[in-house]
Amino acid sequence: MTNESARIRTPEEVYASHGAALMAEDLDGLVANFADAAVIITPAGVQHGKEGARANFTQLFTDLPNADWTMDTTLFGGDILFLEWKADSAINQAAHGVDTFVIRDGLIHAQTVRYELSPKN
């Protein structure tokens with residue numbers, strides 16, 4: 001193992017990977033950023049682990065397929081990341097998305113997500 005492969009990603013690097021996978025609608029790439037014991041909390045309930053992350057993003061891409069994403073706020077406080085975002089797709093838009101992440105040891109250990117959909121006519 002090289003020093004580079006042994007290095008743990010910073011929260012900023014995890015966010016960059018997460019963002020690239022989100023834009024590409026790459027479920028495997030998104031799931032790879034989550035710890036095995038991750039907790040994902042949404043108004044719909046609590047999901048756990050990589051399968052919970054997969055279910056969460058499957059729903060997001062169903063709600064907002066091929067969306068254009070805008071990040072309004074991106075704030076890091078150590079291992080905590082706070083995001084405010086908007087998304088616009090052919091069928092729905094979300095004007096008030098909010099996520100919080102806890103990123104440790106190069107992986108997402110917790111995420112909260114809330115967004116409100118407005119159907120397009």
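Visitor: Which residues of helix H4 are buried?

Guide: In helix H4, a DSSP run (H or I) of at least four residues, the buried residues are Gly-49, Gly-52, Ala-53, Asn-56, Phe-57, Leu-60, Phe-61 and Asp-63. Buried means under 20% relative accessible area, exposed over 50% and partly exposed in between (1.4 Å probe, protein chains only). The model is predicted, so local features need pLDDT of at least 70 and side-chain atom pairs pLDDT 80 or more, while totals for chains, interfaces and linings use all residues. Residues are numbered from 1 along each chain as its sequence is written, and side-chain values use heavy atoms, without hydrogens and water.

Visitor: What makes the buried residues of H4 line one face of the helix?

Guide: Seen down the axis of H4, they fall within an arc of 165°, taken from the directions from the axis to the C-beta atoms, so they line one face. The face turned away from that buried side carries the exposed residues Glu-51 and Thr-62.

Visitor: How do you know what span to expect of H4?

Guide: The expected span is 1.5 Å times one less than the number of residues. For the 15 residues of H4 this gives 21 Å, and its end C-alpha atoms are 21 Å apart, which agrees.

Visitor: Why is the pair of Trp-85 and Tyr-115 called tilted?

Guide: Rings of Phe, Tyr and Trp (its six-membered ring) pair if their centres lie within 6.5 Å; planes under 30 degrees apart are stacked, over 60 edge-to-face, the rest tilted. Here the centres are 5.6 Å apart and the planes are at 50°, so the pair is tilted. Both residues are buried.

How values were computed: Helix = DSSP H or I, 4+ residues; strand = E, 2+ residues; numbered from the N terminus.
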